[in-house]
Amino acid sequence: ARNPLILDIACGRGAMFGLLDERYRSFAGVDHSRVAIQAAKTAFPHIDFYEADIERSAPDITGDVVICANALEEMEDDNAALRNMSRMLRPGGFLILVVPHAMRYWTSKDAYANNKRRYELRELKEKCARVGLEALELFTWGYPLYHWYYPYMLRVNQEAALGNGWKGVLVSAARRILYALFFFDDLFICLGRGRVLIGVFQNIL
């Protein structure tokens, strides 16, 4: 599509839309939280937002690309959510998923985030296949640098530190530096040891 419609599932306050390429002008967001949807509408008045629980139903909209990042793992019925996401895709459309990888990496951070699971590559591929989504690309990211950094994240409340005077300045600077360094992990995707699992699927029904 020349101007594809991109749908963000569990969009929250719409942070994703601030990151997407400005060349793509057609967006819509879906979230179960009325408060989040109202905040998103205020921040992005030119974008359509839908209040809906993706585990129970699919809103009456279809798009060329559906994105669900860091949300599927929190859903009680992820199979129902995937089925409804597939219904929101036009024929040949693409689903992009970002989820935590591998239960062997489970930590207290997962429990704090209310995660129900971490995913194996084959597990995610099979779940998507059952609802007519063919895996085009599946890979993990976050090794070795992010993998070593992760334990530090568990010990430090970064959000609190960011608002704590000079410590906040240091933490903010460190985050900017680490963001640049983490591109190094792109070189090791082939190892399959990352803590983040990313998948691109196509609607074949």
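1. A salt bridge is taken here as a side-chain nitrogen of Lys or Arg within 4 Å of a carboxyl oxygen of Asp or Glu, and a search of the whole structure under that criterion finds seven of them. The model is predicted, with local features requiring pLDDT of at least 70 and side-chain atom pairs counting only at pLDDT 80 or more, while totals for chains, interfaces and linings use all residues. Residues are numbered from 1 along each chain as its sequence is written, and side-chain values use heavy atoms, with hydrogens and water left out.

2. The protein chain has seven helices and seven strands, where helices (H or I, at least four residues) and strands (E, at least two) are DSSP runs numbered from the N terminus. Read from the N terminus, the order of the elements is β-β-α-β-β-α-β-α-α-β-α-α-α-β. Of the 205 residues in the protein chain, 43% are buried, the classes being buried under 20% relative accessible area, exposed over 50% and partly exposed in between (1.4 Å probe, protein chains only). With contact meaning heavy atoms within 4.5 Å, 67% of the contacts between residues at least 6 apart in sequence join residues at least 24 apart.

3. One of the salt bridges is formed by the side chains of D64 and R90, at 3.0 Å from N to O. Since D64 belongs to strand β4 and R90 to strand β5, the pair ties together parts that are 26 residues apart in sequence. D64 counts as buried because its relative accessibility is 17%, whereas R90, at 34%, counts as partly exposed.

4. A salt bridge also joins the side chains of E76 and K116, with an N to O distance of 3.9 Å. E76 sits in the loop between β4 and α2 and K116 in the loop between α3 (108-112) and α4, so this pair ties together parts 40 residues apart in sequence. E76 is exposed at 60% relative accessibility, and K116 is partly exposed at 31%.

5. In the salt bridge between K127 and D78, the closest N and O atoms are 3.3 Å apart. This pair links distant parts of the chain, K127 being in helix α4 and D78 in helix α2, 49 residues apart. Salt bridges that share partners join D78, R117 and K127 into one network. Both ends of the K127 and D78 pair are buried, K127 with a relative accessible area of 11% and D78 with one of 3%.

6. How much of helix α2 is covered? Seven of the ten residues of this helix (residues 78-87) are buried, namely D78, A80, A81, L82, N84, M85 and S86. What covers these buried residues includes β1, β4 (63-69), β5 (89-100), α4 (121-129), β6 (133-141) and β7 (196-203).

7. Leaving aside residues up to four places away in sequence, D8 touches M16, F17, A28, G29, V30 and I67.

8. E134, in strand β6, is partly exposed, with a relative accessible area of 41%. E134 and N203 are 69 residues apart in sequence and 6.5 Å apart in space, C-alpha to C-alpha. Residues up to four places away in sequence not being counted, E134 touches V200, F201, Q202 and I204.

9. A cis peptide bond, with omega about 5 degrees, joins Y143 and P144, and P144 is found in the loop between β6 and α5 (145-155). N70, a residue other than glycine, has a positive phi near 60 degrees; N70 is in the loop between β4 and α2 and is partly exposed, with a relative accessible area of 49%. A102 is likewise not a glycine and has a positive phi of about 65 degrees; A102 is in the loop between β5 and α3 and is buried, with a relative accessible area of 0%.
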